[in-house]
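Here are some notes to read alongside the model, as one colleague to another.

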Amino acid sequence: EMTSDHHQNTTQVGEHEGGGDEKKVRERVEGDLTDDDLKNWASPSCCVRFLKAREGDVEKAVDMIKKAIVWRKEMKPSSLLCPDCSVDPHSHNMRIIGMEGQGRPVIYTCFSQALNRWTPENNMKHLIRTLEDASIILDNSSVDKWVWVIDFHGFGVYDCNMKTTSLAVSLLDYYPARLEKMILIETPWMFR
């Protein structure tokens with residue numbers, strides 16, 4: 001009986017969080033979910049995240065998730081590997097280093113430890129792989145956000161690549177409402 005009450009409370013919290021609109025979002029994109037990978041990805045909690053990112057606006061959330069579906073079909077992020085890291089595992093330095101006190105995965109990156117960070121496309125593939133791995137952890141836990149630590153030690157003028165920045169910012173639309181906090185270490189003067 002206690003388990004049943006607990007389950008009812010959990011269900012109510014989940015429904016309240018998306019207001020039931022996550023079902024509307026899922027119904028509107030159902031035809032776009034052409035394989036099991038996409039169907040699993042577009043879970044109720046995924047739909048809630050897209051709703052949160054668009055402040056509960058169903059139309060905007062549907063538009064956003066449809067763009068993410070097209071991107072996932074093209075990029076196949078769940079099976080994507082970083083081409084640089086398959087040759088040299090030290091090419092990039094972005095990895096999950098553990099969990100913080102609330103059980104959130106901690107993503108860490110340090111510029112001085114990334115030996116091959118000059119190709120924007122490969123940097124994005126590495127970022128996608130890291131975010132996919134963190135998403136898998138979140139999807140199998142009671143938390144839904146990660147913490148990202150960026151250590152700017154070794155950051156220089158050559159790291160100011162607008163293409164990399166633009167790709168990274170656009171990529172975050174495909175992982176909405178996942179970032180709990182970002183911690184910046186040795187931040188260059190231009191970011192202060």
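Which residues lie nearest the centre of the largest pocket?

1. Phe 111, Ile 150, Thr 164, Thr 165 and Ala 168 do, out of 30 lining residues. A pocket here is an open set of points on a 1 Å grid over the protein atoms alone, where a 1.4 Å probe fits, with protein on both sides within 12 Å along at least five of seven lines; lining residues have an atom within 4 Å of a point.

2. A word on the basis: this is a predicted model, where local features need pLDDT of at least 70 and side-chain atom pairs count only at pLDDT 80 or more, while totals for chains, interfaces and linings use all residues. Numbering starts from 1 along each chain as its sequence is written, and side-chain values use heavy atoms, leaving out hydrogens and water.

3. The largest pocket holds about 830 Å³ of space, the volume being that filled by probe spheres set on the points. Its lining divides into 20 nonpolar, 8 polar and 2 charged residues. Helix α8 supplies the largest share, 5 residues.

4. Turning to packing, the largest nonpolar core has 37 residues. Such a core joins buried (under 20% relative accessible area, 1.4 Å probe, protein chains only) Ala, Val, Leu, Ile, Met, Phe, Trp, Tyr and Cys residues through side-chain atoms within 4.5 Å. Val 25, Trp 41, Phe 50, Ile 65, Trp 146, Leu 171 and Tyr 175 touch the most other members.

5. Ile 65 is in contact (heavy atoms within 4.5 Å) with Val 25, Val 29, Trp 41, Cys 46, Cys 47 and Phe 50, leaving aside neighbours within four places in sequence.

How values were computed:
Buried means under 20% relative accessible area, exposed over 50%, partly exposed in between (1.4 Å probe, protein chains only). Helices (H or I, at least four residues) and strands (E, at least two) are DSSP runs, numbered from the N terminus. Ala, Val, Leu, Ile, Met, Phe, Trp, Tyr, Cys and Pro count as nonpolar, Asp, Glu, Lys and Arg as charged, and the others, Gly among them, as polar.
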